[in-house]
Amino acid sequence: MKLRKLPAFFPFSQPGKDWQTEYQRCAEQANDAKLKHFYQQGMIGGHTPLSEVPFVALDLETTGLDAQRDDIVSIGLIPFDMRRIYCQQAKHWLVRPLPPLNSESVIIHGITHSDIADAPNLNQMIEPLLEALAGKVVVVHYKTIERNFLAEAFKKRLHEEFRFPLVDTMEVEANIHRQLSRSWWQNLLGKKSFSLRLAASRQRYGLPHYQSHHALVDAQATAELFMAQVRHHLSVDVAIDTLWR
C-alpha cells in the first residue's frame, strides 16, 4: 500500500519518534516487572497506516492542573480503530489521589470524597492500566494532561519513566484550522479564532454534545473526534508516525 502524506497545512515536517525501537530500549532498561512486560509486548512500526493501527482513547480527571502537585482521580479509556469503537472493552476507574480532593476540582468533575472513599489507590490500578494500553497508540485531547500526569504518577510510585506514543486531537484540530481560520478572507471579515476545546471541536463535525469532565465519556468523545478528523481532513492511508508524538 502506498502511504499518503499529510495535507500541506500540517506543519509536522518530520515524522515522530521511532516508538517501536523506543519500546525495545525501554524493555531492556525497565526494572519493574509490570513495566517491562508492557514494553515487551511491543509497538507497531511507524509506517503502519492509520487503517491498521490499534488505538485506545484515554482521558484522566485530576485534582488540579499541576502534574507535580496534583494527582489522578479517575481514568477512562476505550479501544477503537478506524472501523469501530469497542464499547464493551471500555474501562472507567476511580482512584484515591495522594493529595486530598479540593473543592474546585469537585465542582469540575463531580467526583466527591464519598465517591473515592472505597476506591483503590493508583498503585493497584497500574497493572490493569498497562494491560489496557499495551500495544496500542493512545489518543487524547490535549496531551499535556495525560502525558505529564501519567509520567509523574509512575515516577512517584514505581520510580521509573513511563513512555508511550500518543496522538493529540487538539493538536490535529489546531493544524487543520490554523490555516483555515486565518485565511486572508476570514481575517478581512473579522471572524474569531476557533475554539479547540473538545466540545467545540466535536461540534464542527456534527458530533453530538456529551456532558464533559467524565473520564470515560471524554475518552469516547475523543475517539469519535479523531475518527471524524481522519474522515474529513486526512486519510486512513496516512502513516501513524506523521501524527504520533
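**Exercise 1. Decide whether Phe38 and Phe162 are buried or exposed.**

Solution. Start with the cut-offs: buried means under 20% relative accessible area, exposed over 50%, partly exposed in between (1.4 Å probe, protein chains only). Phe38 has a relative accessible area of 1%. Both Phe38 and Phe162 are buried.

Before going on, note the ground rules. This is a predicted model, where local features need pLDDT of at least 70, side-chain atom pairs count only at pLDDT 80 or more, and totals for chains, interfaces and linings use all residues. Residues are numbered from 1 along each chain as its sequence is written, and side-chain values use heavy atoms, leaving out hydrogens and water.

**Exercise 2. Find which residues the ring pairs link into a cluster with Phe38.**

Solution. The structure holds 10 aromatic pairs. One of them joins Tyr23 and Phe38: with centres 5.6 Å apart and planes at 50°, it is tilted. Tyr23 lies in helix H1 (residues 19–29) and Phe38 in helix H2 (residues 33–40), so this pair ties together parts 15 residues apart in sequence. Tyr23 is buried too, at 1% relative accessibility. The cluster links Trp19, Tyr23, Phe38, Tyr39, Phe154, Phe162 and Phe164.

**Exercise 3. Describe how H1 and H2 pack.**

Solution. Take the angle and distance. The helices pack at about 155°, with axes 8 Å apart. Axes are lines fitted to C-alpha atoms, for helices over the stretch in contact, and angles run from 0 to 180 degrees between N-to-C directions. Now name the arrangement. H1 and H2 are roughly antiparallel (under 35 degrees is roughly parallel, over 145 roughly antiparallel, 65 to 115 roughly perpendicular, the rest oblique). Finally, list the contact residues (heavy atoms within 4.5 Å). H1 supplies Tyr23, Cys26, Ala27 and Glu28; H2 supplies Lys36, Phe38, Tyr39 and Gln40.

Terms used:
Rings of Phe, Tyr and Trp (its six-membered ring) pair if their centres lie within 6.5 Å; planes under 30 degrees apart count as stacked, over 60 as edge-to-face and the rest as tilted. Helices (H or I, at least four residues) and strands (E, at least two) are DSSP runs, numbered from the N terminus.
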